[in-house]
Amino acid sequence: MLSSRGTKKAESLHRPWRYAAAHTYDAETNPSGMISLGMAEHAPMRQEIATYINYKVSFSANDIGYRPRPDSPARLPQAVASHLNSLLKPTVPINADHVVTASGLTAIGSMLAFTLAEDSDGILVARPVYGRFELDYGVEAGVQMVYADTEPEESFTPGVVMKYEAALKDAVSKGITVRAVLLVNPHNPVGRCYPKETLVEVLRFCGKYNLHVISDEVYASCVFDSGDPRAVPFTSILSIDAKGLIDPTLVHVLWGFSKDFAAGGLHLGFLITASGPLREACKVIVRLHHPSTTTQAIGAAILENQAFVANFMEKSRQDLANTYRIVTSTLDKKGINYVKGGTAGFFIFVDLSPYLPTNTSTTQGEFALAQKFLDAGVFLHPGEEHAKQAGWFRLVFSHEEDVLREGLRRMLLVLKDGSY
């Protein structure tokens, strides 16, 4: 017999389409396997990291113990601070003491929910947005997402704070205490970066209501030249002077290896914060979410080799630009609508509402189309990004070119067929 909370958590496993189908396709060994256009991984770059680890990383006895010796320098936090000072260009330099290391951003989301909010409190976020935040912040800590509904492009305008204001007031009327605003920059699933002027207004809004700002910048290096004149460059929240806007100890940044280094399996994520009390609370909880010392040694060895990092990032950006153009040119040719101006991440937000069946509810229509894709050997996740209207899907393009083209071929055959 489970506890009531254990029973409730187990029930979430049976929520329709909560979990993604696995990618099993291989052109030679399994040509009829599933092609997942739903999993946000940069598949072509994984071999680069694997090769580097195999040939360039060596381990000491210190790297396979429970933890580094007390007299050992904070090697990984120092490497992270140095890397992020170059990447994020913060107005106040990051030092190693500002870095909390955990086993990925999922773990850090859970830690932040536990330390910043009470059970059933809320985290405010504009949607459409990555749907798994509900799990990251809710599974252990019981914190809920409070959504400010926007059009896909509306979130990036300074006026989005009016939607935040309305959602905040609605939450208060329902007895929900909002503790923080969550930003995803670069954005998942829209693939855009926030303009500086919008970030300033979000900081001002959070300062007004004494809310924490959680800026998930896990795609910070996955910014590429899309050739679109509407594309906005990446600006880290830490590069904005908080003076007169918000208490800097309320601003927290998340970053990790899963996207920038195509290494989700390393489970390395970092919280960057100037808040001493938050760091202390997280360092207690991280006992349950600590990455292995071996993984930490790998992460440090990667970041300390800046020549490798620069070369890797250049290859990554070129690959993303190439596959982005393949997808957008295909969608343009077929007259399929999507959010323009993408410049970051692994995905395009695509409007497939014209292809939903007309004899079902909106949610069921998305599920029906997703099932049709699944039957054809290609996976797109329905409803996961919580669009304001039904029919929007996140299409992940960060595949080897031949895999991407085959996935698009299967998807287009379903849309052309139109039978359910």
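**View 1. Cys 282 is a buried residue, with a relative accessible area of 0%.** Here, buried means under 20% relative accessible area, exposed means over 50%, and partly exposed is in between, using a 1.4 Å probe and protein chains only. What you're looking at is a predicted model, where local features need pLDDT of at least 70, side-chain atom pairs count only at pLDDT 80 or more, and totals for chains, interfaces and linings use all residues. Residues are numbered from 1 along each chain as its sequence is written, and side-chain values use heavy atoms, with hydrogens and water left out.

**View 2. How many disulfides does the structure hold?** The count is 0, a disulfide being a pair of cysteine sulfur atoms within 2.5 Å. Take Cys 206: the closest cysteine sulfur, in Cys 282, is 18 Å from its own, too far for a bond. Cys 206 is buried too, at 0% relative accessible area.

**View 3. Helices H4 and H8 pack against each other at an angle of about 120°.** Helices are DSSP runs of H or I with at least four residues, strands are runs of E with at least two, and both are numbered from the N terminus. H8 covers residues 276-285, and the two axes sit 10 Å apart. Axes are lines fitted to C-alpha atoms, for helices over the stretch in contact, and angles run from 0 to 180 degrees between N-to-C directions. That angle makes H4 oblique to H8; under 35 degrees would be roughly parallel, over 145 roughly antiparallel, and 65 to 115 roughly perpendicular, with the rest oblique. Look for Met 111 and Phe 114 among the H4 residues in the contact, and for Ala 281 and Cys 282 among those of H8. Contact means heavy atoms within 4.5 Å.

**View 4. Arg 75 and Glu 304 form a salt bridge, with their closest N and O atoms 2.8 Å apart.** A salt bridge is a side-chain nitrogen of Lys or Arg within 4 Å of a carboxyl oxygen of Asp or Glu. This pair ties together distant parts of the chain, 229 residues apart: Arg 75 is in helix H3, while Glu 304 is in the loop between helix H9 and helix H10. Arg 75 is partly exposed at 34% relative accessibility, and Glu 304 is partly exposed at 45%. The structure holds 17 salt bridges.

**View 5. Arg 179 meets Asp 121 in a salt bridge, at 2.7 Å from N to O.** Arg 179 belongs to strand S5, and Asp 121 sits in the loop between helix H4 and strand S3, 58 residues apart.

**View 6. Lys 89 has a positive phi, near 50°, though it isn't a glycine.** You'll find Lys 89 in the loop between H3 and strand S2, and at 59% relative accessibility it counts as exposed. His 267 also has a phi near 50°. His 267 sits in the loop between strand S7 and strand S8, and is partly exposed at 47%.
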